[in-house]
Amino acid sequence: MSIRDAVESIPVEKRGSLMVKLLDVILKSKKGDVLSSDLAREFLRLWQEDKLNTINGLELLLTMAKILEPETTVQKLSELGFNELAKVVGGGL
């Protein structure tokens with residue numbers, strides 16, 4: 001299962017809480033310099049368009065969080081009850 005498939009299976013009413021946790025992980029990370037400028041631009045575009053809680057937005061946030069803080073991301077996903085998503089994200093850890 002891909003990250004996109006896992007995100008698509010998340011109920012709409014739970015996407016907001018997932019978005020907030022992922023933003024928290026991303027914004028608290030001290031490793032922002034490892035993100036590509038393309039990811040940063042896409043993040044800013046989706047944020048300005050208020051689309052971070054869409055499938056595309058959540059997929060981007062998960063990708064960014066996995067790059068920056070993979071262990072923390074898996075932990076936060078598990079805490080929220082997104083166990084399948086945590087398995088997909090943590091697959092290579």
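Set aside the neighbours within four places in sequence, and V34 is in contact with I67 and L68. In this predicted model, V34 sits in the loop that links α2 (12-28) to α3 (37-48). Look back along the chain to K21, 13 residues away, and you will find its C-alpha atom 20 Å from that of V34.

The largest nonpolar core contains 29 residues, and L18, L61, L62, L77 and L85 have the most contacts inside it. At least two residues of this core come from each of α1 (3-8), α2, α3, α4 (55-68), α5 (70-79) and α6 (83-89). The largest share belongs to α4, with seven residues.

Next, zoom out to the fold. The chain has six helices and zero strands, giving the pattern α-α-α-α-α-α along the sequence. Its radius of gyration is 12 Å, close to the 12 Å from the globule rule for 93 residues, so the chain is as compact as a globular protein of that length. Along the principal axes, the C-alpha atoms fill a box of roughly 30 × 30 × 20 Å. Among contacts with a separation of 6 or more, 65% join residues 24 or more positions apart.

Finally, consider burial and surface. Of the 93 residues, 39% are buried. The accessible surface is about 5500 Å², with 52% of it belonging to carbon and sulfur atoms. As for charge, the chain carries 13 positive and 14 negative charges, whose mean positions lie 3 Å apart.

Note on methods
Residues numbered from 1 in each chain as written. Predicted model: local features only at pLDDT ≥ 70, side-chain atom pairs only at ≥ 80, totals over all residues. Heavy atoms only, no water. Helix = DSSP H or I, 4+ residues; strand = E, 2+ residues; numbered from the N terminus. Contact = heavy atoms within 4.5 Å. Core = buried A, V, L, I, M, F, W, Y, C linked by side-chain atoms within 4.5 Å. Buried < 20%, exposed > 50% of the residue type's maximum accessible area, 1.4 Å probe, protein only. Rg over C-alpha atoms; globule rule 2.2 N^0.38 Å. Areas by Shrake-Rupley, 256 points an atom, 1.4 Å probe, with all protein chains shown as cover. Lys, Arg positive; Asp, Glu negative; His and termini not counted. Charge placed at Lys NZ, Arg CZ, Asp CG, Glu CD.
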